[in-house]
Amino acid sequence: MLKINNLSVSVNDKKLLADFNLDIDSGTTHVLMGPNGAGKSTLCKVLFNHPDYKKDEGTIIYNDVDITNMDPSDIAKLGIYIVNQNPISIEGVSNAEMLRIALEEKTGEKVSIFKFNKKLEETCEKLNIPKDFIFRGINDGMSGGERKKNELLHMWMLEPSFIILDEIDSGLDVDAIKTVASNLNEYKKIYNPTILIVTHHEKLIELLHPDYVHIIKNGKVEETGNYELGIKVLKDGFINGSSIMTGSYENE
Amino acid sequence: MNNIKVNSDYNFLNEENINSLKDNTVYIINENILKNKLVINIPENYHLKFYLIDYQDDYLDITFNQNNNSSIEFMFSITNNKKSTYIITNNVIGSNNKTLIQGRIYNDVKADTNAVINGNIKENTVNNDYTEDIRGLNLYSNNLVIKPNLLVSTSEVVANHMVTIGNFDERKVLYLKEKGISEESIKKLLLNAFLYEIFPKEIFNQDN
């Protein structure tokens with residue numbers, strides 16, 4: 001489904017990813033872990049061709065389509081979705097308005113307002129968020145936790161097949177983590193998406209039970225394992241928990 | 001909604017009819033009728049709300065005079081696509097007044113805009129609260145000048161004035177792209193947000 005081949009990325013001549021390789025199969029759940037500055041968030045942004053990052057070499061292939069230098073809106077139209085660490089707010093553009101346009105552009109068809117509104121309301125209930133979110137500006141006046149739930153509302157409406165979650169747990173309390181995890185698990189059951197998550201939250205890893213855990217250090221995948229590797233790293237730290245992690249962390 | 005019918009001589013807010021306004025509110029939506037200089041004297045203890053929405057003509061000159069114990073909330077959005085001059089003046093002559101002027105000026109592809117926002121808070125006045133917040137959107141790097149002239153002649157006042165001119169926030173553009181929205185639609189969404197975000201939402205939910 002997604003193949004990252006020998007990807008090297010830099011910002012202002014500082015190398016952030018170096019010869020990065022990763023294969024992700026359809027319908028699997030992957031967790032990225034690693035010390036601060038390892039390149040986890042960089043990878044998430046680069047997958048969406050963030051303009052601040054320069055790709056020096058390598059390719060990103062999604063379902064046989066080269067998305068390395070594709071416009072982010074075209075990447076999204078292929079069914080890739082991202083929840084960033086700190087989702088911004090856009091006053092004056094409502095969730096409903098944005099989602100209706102996104103769906104119409106993705107499908108090329110007019111959205112049935114009745115069905116659209118019904119699904120929006122049902123999803124709000126599912127996520128335990130007030131229905132007035134629908135007509136509020138995007139993330140406008142919302143707390144960090146509410147923003148993450150609002151991004152999941154968008155996910156349910158846009159029905160992506162590949163989901164990137166960059167520290168979705170930040171700003172969430174324990175109950176909200178459970179809501180998010182059960183929501184993602186429900187989405188997995190219905191749509192069987194591929195999920196790539198950056199997280200160090202034990203509860204989230206436990207609840208999502210990923211198929212693969214990748215440890216990233218110095219801009220490349222240093223070790224790949226299963227769920228147990230993630231739990232071991234959380235227990236023992238990157239130095240002792242992962243077989244290859246020796247020496248000190250490299251901070252940003 | 002009380003959408004004021006504007007007289008042909010543009011003298012639609014005078015001492016005789018200002019008190020007949022429903023909710024003390026004026027809406028002018030998508031009408032380019034303010035070709036002559038308009039002076040509005042706000043009576044004492046009067047609280048005026050004036051919403052000028054979607055103004056697209058090349059000239060506008062409005063002066064508000066505030067006496068005592070009044071308030072004004074003047075919100076305007078302008079889309080300009082020619083050589084245009086806009087002058088907005090607020091004279092605070094008395095005391096205990098509140099003023100809020102919020103404006104949005106969009107400089108379209110052929111625009112050449114000169115705007116002046118004058119605020120005069122006269123001497124020997126006290127306890128006035130004055131705020132101007134004007135923003136310009138200049139996507140095509142045309143001439144767009146917005147001068148915030150605030151003259152304060154008293155020390156007992158709270159006065160703020162701000163003008164910014166810029167382009168769309170790149171973070172917002174990227175965020176919307178990541179939802180799968182094309183640049184053309186993003187421009188429409190963000191332009192509407194820029195122009196109308198300052199107005200009460202009820203305005204757009206009513207029939208007229």
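This is a predicted model: local features need pLDDT of at least 70, side-chain atom pairs count only at pLDDT 80 or more; totals for chains, interfaces and linings use all residues.
The angles between helices used below run from 0 to 180 degrees between N-to-C directions, with axes fitted to C-alpha atoms over the stretch in contact. Helix α5 of chain A packs against helix α6 (residues 174-191) of chain A at an angle of about 10°, and their axes are 11 Å apart. Angles under 35 degrees count as roughly parallel, and α5(A) and α6(A) are therefore roughly parallel to each other.

The axes of α3 (residues 95-107) and α5 (residues 144-158) of chain A come within 10 Å and cross at roughly 30°. α3(A) and α5(A) are therefore roughly parallel to each other as well, and their crossing is right-handed. On the α3(A) side the residues involved are A:Asn95, A:Leu99, A:Ala102 and A:Leu103, while α5(A) brings A:Asn150, A:Leu153, A:His154, A:Met157 and A:Leu158.

Now step back to chain A as a whole. Its secondary structure comes to eight helices and twelve strands. The C-alpha trace spans about 55 × 40 × 30 Å along its principal axes. How does the radius of gyration of chain A agree with that of a compact globule? For 252 residues such a globule would have a value near 18 Å, and chain A has 18 Å, which agrees. Buried residues account for 44% of the 252 residues in chain A. If you take the contacts in chain A between residues at least 6 apart in sequence, 69% of them join residues at least 24 apart.

Next comes a sheet. Six strands of chain A form an open sheet with mixed pairing, in the order β6-β9-β10-β3-β11-β12. Which strands stand at the edges? They are β6 (80-83) and β12 (220-225) of chain A; each has a single partner strand, so one side of each is left without a neighbour in the sheet. From one strand to the next, the twist averages 20°. Strands of a sheet pair through backbone hydrogen bonds, either parallel or antiparallel. At the β12 end of the order, β11 (residues 212-217) of chain A pairs with β12(A) in the antiparallel sense over five bridges. Within that pair, A:Lys217 stands opposite A:Lys220 in β12(A). Helix α1 (residues 40-47) of chain A packs on the sheet, where it touches β3 (29-33), β6, β9 (162-166), β10 (194-198) and β11 of chain A. The direction of α1 makes about 145° with that of β9(A).

A:Leu2 sits in strand β1 (residues 2-11) of chain A. Is A:Leu2 buried or exposed? It has 20 C-beta neighbours inside 10 Å, and a residue is buried if 20 or more lie within that distance, so A:Leu2 counts as buried. Leaving aside neighbours within four places in sequence, A:Leu2 is in contact with A:Ile24, A:Tyr62 and A:Phe162. A:Ile168, by comparison, is 166 residues from A:Leu2 in sequence and 21 Å from it in space, C-alpha to C-alpha.

A:Asn63 lies in the loop between β4 (54-62) and β5 (65-66) of chain A. Its phi is near 50°, a positive value in a residue other than glycine. With 14 other C-beta atoms within 10 Å, A:Asn63 is partly exposed.

Chain B has two helices and eleven strands, and along the sequence they follow the pattern β-β-β-β-β-β-β-β-β-β-β-α-α. Of its 208 residues, 31% count as buried. Among contacts in chain B between residues at least 6 apart in sequence, 77% join residues at least 24 apart. Chain B also has a residue with positive phi: B:Asp54, a residue other than glycine, has phi near 65°. B:Asp54 is found in strand β3 (residues 47-55) of chain B. It counts as partly exposed, with 15 C-beta neighbours inside 10 Å.

Terms used:
Residues are numbered from 1 along each chain as its sequence is written. Chains are lettered from A and ligands numbered from 1 in the order in which they are written. Helices (H or I, at least four residues) and strands (E, at least two) are DSSP runs, numbered from the N terminus. The radius of gyration is taken over C-alpha atoms; the globule rule is 2.2 Å times the number of residues to the power 0.38. A residue is buried if 20 or more other C-beta atoms lie within 10 Å of its own, exposed if 12 or fewer, and partly exposed in between; C-beta atoms are placed from the backbone. Two residues are in contact if their C-beta atoms, placed from the backbone, lie within 7 Å. Two strands pair if DSSP finds at least two bridges between them. Angles under 35 degrees count as roughly parallel, over 145 as roughly antiparallel, 65 to 115 as roughly perpendicular and the rest as oblique. A crossing is left-handed if the near helix is turned anticlockwise from the far one by less than a right angle, and right-handed if clockwise.
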